Amino acid sequence: MKKIGCVTCREFSDLYYDDQYLLPLFEKHQLKLVPIVWDEPFDYESLDMLLFRSAWDYHQKTEAFVQYLQQLKKLKVPVFNPITLIEKNYDKHYLRDLANFGFSVIPTLFFSSVETVNLEQMLLENNWQKGVIKPVISMSAYHTYAFDNENCATLQKKLAGAYGQSAVMVQKFADEITTDGEWSLVFFDKKYCMTAHKQPKKGDFRVQTDLGGTVTYQHPPDLIVEEARAILDSFSEPILYARMDGIIHKGHFQLMEAELIDPELYFRSGAKVQQGFLEAIQAYLD
């Protein structure tokens, strides 16, 4: 039986519940999924493959996480997604690169520290009614705040306490989030598999389920799939799994985030996504 290490964090030391749906299927195919808390000791040489699955505290331990990636480079065990891709993806400056390539990305501005950001000025200069600010290294709506002319002065006073000297990003607020919702397209080996359609609770803009958001599974228009795939194809590395998060803006896919490290892949949705992930892994092992 081949052993596949699943990089996780202490909170999900037995794997995130969604990933646990894979266990019986993989066991049936002689593949054992082994949870590995990324900042605890482990014998990596015993593995046939290493997958990043739920290392969901790296944004709070970034320096240690970067060192961890450097250590993994010394291993002979294949890591997916590749470490070079993870190094590009954990810092959201990659969105600027994709926009420069000509892809449709939510309008985003980057700042070396929050001290250089003036929220009121951001709205005025960019002709935005509303904006969103968050750290460039973040996940799951961590320190993510929406602002408009009514609350930007009050929020401005709190920003230094929230971000310290961390680099931050300011984005135009996507009104589509609160009307049409967010679309998360799942790909295996750059081939489309399924989509989760996420909507926030009434009065909120954050779609995470632990914040009251809801998820349904439905297929977006084919054009949306092709436009998301085109962004994914722009990466030269092999990509075992990916989740492309975005909105439908004027009939086209507009990227919010390319989740290439350890995104939730909605294995609980059924056999199609579970089987798709299994087959992609089997192909890479072969």
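How many disulfides does a search of the whole structure find? The search finds zero disulfides, a disulfide being a pair of cysteine sulfur atoms within 2.5 Å. The model is predicted: local features need pLDDT of at least 70 and side-chain atom pairs count only at pLDDT 80 or more, while totals for chains, interfaces and linings use all residues. Residues are numbered from 1 along each chain as its sequence is written, and side-chain values use heavy atoms, with hydrogens and water left out.

Distance rules out a bond for cysteine 6, because its sulfur lies 13 Å from the closest cysteine sulfur, in cysteine 9. For the sulfur of cysteine 9, the closest cysteine sulfur is in cysteine 6, at 13 Å, which is too far for a bond. Cysteine 6 is buried, with a relative accessible area of 2%. Cysteine 9 is buried too, at 3%. Buried means under 20% relative accessible area, exposed over 50%, and partly exposed in between (1.4 Å probe, protein chains only).

The largest nonpolar core has 76 residues. Such a core is a set of buried Ala, Val, Leu, Ile, Met, Phe, Trp, Tyr and Cys residues joined through side-chain atoms within 4.5 Å. The residues with the most contacts inside this core are Phe26, Leu50, Phe52, Phe188 and Phe277. Phenylalanine 188 touches residues including Cys193, Ile239, Tyr241, Phe267 and Phe277, not counting residues up to four places away in sequence. Contact means heavy atoms within 4.5 Å.

Helix α3 spans residues 62–72. Helices (H or I, at least four residues) and strands (E, at least two) are DSSP runs, numbered from the N terminus. The buried residues of α3 are Thr62, Phe65, Tyr68, Leu69 and Leu72. They cover an arc of only 110° around the axis, so they sit on the same side of α3. The arc is that of the directions from the helix axis to the C-beta atoms. An α-helix has 3.6 residues a turn, so residues three or four places apart point the same way. The buried residues of α3 pack against β1 (2–8), β3 (49–54) and α4 (83–89).

In the segment before β1 stands methionine 1. Methionine 1 touches Glu27, Gln30, Leu31 and Lys32, not counting residues up to four places away in sequence.

Four strands form an open sheet in the order β5-β8-β6-β7, with antiparallel pairing. Two strands pair if DSSP finds at least two bridges between them. β5 (108–111) and β7 (145–148) stand at the edges with a single partner strand each, so one side of each lacks a neighbour in the sheet. Neighbouring strands of this sheet are turned by 25° against each other on average, direction ignored. Strand β6 (residues 130–135) is joined to β7 by four bridges. Valine 132 has alanine 146 in β7 as its bridge partner. Helix α7 (residues 152–163) lies across β6, β7 and β8 (168–172), running at about 150° to β7. Axes are lines fitted to C-alpha atoms, for helices over the stretch in contact, and angles run from 0 to 180 degrees between N-to-C directions.

Strand β12 (residues 241–249) pairs with β13 in the antiparallel sense over seven bridges. Histidine 249 stands opposite histidine 252 in β13. The hairpin has two residues between the strands, and lysine 250 takes a positive phi near 55°. Six of the eight residues of β13 (residues 252–259) are buried, so this strand is largely enclosed by the rest of the structure.
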